[in-house]
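Please read it alongside the sequence and the structure shown here.

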Amino acid sequence: MAIISLSDGRKTWRRFTPSQQVTRWFAYLVAVAVFVWCWNRISEATTWFFVWDAPRIAGDILSRATPPRWSYIDKLWWPIWDTINIATLGTIAALFMAVPVAFMAARNTTPSRLFIRPIALLIIVATRSINSLIWALLLIAIIGPGVFAGIVAIAIRSIGFCAKLLYEAIEEIDHSQVEAITATGGSRWQVMAYGIVPQIMPAFAGIAVFRWDINIRESTVLGLVGAGGIGLQLSSSLNVLAWPQVTLILLVILVAVVVGEWVSAKVRGAII
Amino acid sequence: MTTAPIASELDLLIGTKWKKPSFIQRPWLRWGLIIGFVIYLIAAISSVEVNWARVYEGLERGAAFIKAFMAPDFVSRWTDIRDGMLESLIMTVASTVVGVLISIPIGLGAARNIAPLPVYLLCRGIIAISRALQEIIVAILLVAIFGFGPLAGFLTLSFASIGFMSKLLAEDIESTDKVPAEAIKATGASWLQWVNYGVQPQVFPRLVGLSMYRLDINFRESAILGLVGAGGIGATLNTAFDRYEFDTAAAILILIIGTVMALEYISGIIRARVQ
């Protein structure tokens, strides 16, 4: 905010001072330059002939993909069951691992700020920044393809997310209740069970359901790399260019995602 | 005695053992949920086939991977890794810029206090579609349409960013303070001036924060788009796993984690400065 005197002596209001304006324009210039450079690199790596042809191809795929092959649903019930299991069991396993990590990462409950907290934070960052598909790739290389690899991939990927939200909830607790339990002579574990856990229970349930919802989404595509679930059917249908089946699978995934989101919203609404 | 009712309630409690109140108050709901959950769990676990012999065999490879993580190999595939990482970063930056630019008008349109009902419904529809479709599925379709390469990845990430950014931006606009906006309107400002001086200053810090967050997400997502041929580091990573070159894979994973940490750090600084 600045009052500027014009050349004829009158005063006027501008939102930014001249120096602010120059910095802002410079920042915009740099941003545009970076973007143009990025776009050029993408453009170089693109076969533009295919892009100009894209509307025709898109129309072609659309005409092949409709109507969906409804009869294929008979073969999808078992993969759907697998997909839900991957998401649910993966979330449960993740929560079991995330709770100790969260307690170690929270400033007010960590056994050692100097040694254990950085390790817990490293676990959180490392598991969070790698996508579940990459975890699945890694686990398939190690323990072989199948639903089990999918469950473990989802579980590892979810640790960081759950632990991060949970440790933030632990750090925000009301300290007086902890003090009250300590004053009665409670041991370290009793303080945790009666002073801390009841306070974070709603947050915990919310996080669990929220992550379960995300995991339903992620588990639908794990099959693309061979980790079980409906993604396996998707990738085999894509490989043989069976577009009507692909449409049906995409519709099923869409329904699963919407139902998952609805359930999670209902449960979170009931808790909060 | 005025304290009689309290005393009688106390009398009932004295002598009985204190029980921890349950998280779910209604007993039938609590036990119903617990029993249903246990039945589901048994059904689910028994339907998962685990080839324990194969898992046991794999432990050796797991140990090899952990060993590879201790000694990652950046050198032997360095050109591939460098090109892949650069492509991922380029896709990330370009798609975040485009995604944010497109999501601003859609976000304005999806805010009920600014947009008329038809525009609101249209924008909310776009957001719902963009959020319901998984990135990797969009990438598969776009690769089929536009061919292999970073363009498909760039379009995928832009599309995914639109849903995310517009939704959060619209919610932020809906919760803005009405008073400054009304003050601007009272000066006789046009619609554009009203948005620029009454609404934009209120949501700008959050927009910057969200953009930085989305940049972070887009980078993480760009690491997997290569699996389906949409460009980025994913293709290199997939090849490394397929050839059991765990040391190269470990190097790529370390680079991804490092980049994500750096992005989080930078976005923390920028957000702190803007707010």
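Ala262(B) lies in helix H11 (residues 246-274) of chain B, where helices are DSSP runs of H or I of at least four residues, strands are runs of E of at least two, and both are numbered from the N terminus. This is a predicted model, in which local features need pLDDT of at least 70 and side-chain atom pairs count only at pLDDT 80 or more, while totals for chains, interfaces and linings use all residues. Residues are numbered from 1 along each chain as its sequence is written, and chains are lettered from A and ligands numbered from 1 in the order in which they are written.

**Ala262 of chain B**
- Ala262(B) counts as exposed because it has 12 C-beta neighbours inside 10 Å (buried means 20 or more other C-beta atoms within 10 Å, exposed 12 or fewer, and partly exposed in between, with C-beta atoms placed from the backbone).
- A distance of 15 Å separates the C-alpha atoms of Ala262(B) and Leu86(B), which are 176 residues apart along the chain.

**Helices H8 and H9 of chain B**
- The axes of H8 (residues 178-186) and H9 (residues 191-225) of chain B come within 9 Å and cross at roughly 160°, axes being lines fitted to C-alpha atoms, for helices over the stretch in contact, with angles from 0 to 180 degrees between N-to-C directions.
- H8(B) and H9(B) are therefore roughly antiparallel (angles under 35 degrees count as roughly parallel, over 145 as roughly antiparallel, 65 to 115 as roughly perpendicular and the rest as oblique).
- In this pair, Pro180(B), Ala181(B), Ile184(B) and Lys185(B) of H8(B) meet residues of H9(B) that include Trp194(B) and Tyr197(B), contact requiring C-beta atoms, placed from the backbone, within 7 Å.
- The contact of H8(B) with H9(B) comprises six nonpolar, three polar and one charged residue (Ala, Val, Leu, Ile, Met, Phe, Trp, Tyr, Cys and Pro count as nonpolar, Asp, Glu, Lys and Arg as charged, and the others, Gly among them, as polar).

**Helices H5 and H7 of chain A**
- In chain A, the axes of H5 (residues 116-129) and H7 (residues 147-171) come within 7 Å and cross at roughly 130°, which makes H5(A) oblique to H7(A).
- Among the residues making this contact are Ile123(A) and Ile124(A) of H5(A) and Ile156(A) and Phe161(A) of H7(A).
- Seven nonpolar, two polar and three charged residues form the contact of H5(A) with H7(A).

- Chain A places 47 residues in contact with 44 residues of chain B, and helix H6 (residues 132-143) of chain A gives the most to the chain A side, with seven residues.
- Chain A is divided into domain 1 (1-40) and domain 2 (77-271), with bounds from an automatic or database domain assignment.

Definitions and conventions
Contact = placed C-beta atoms within 7 Å.
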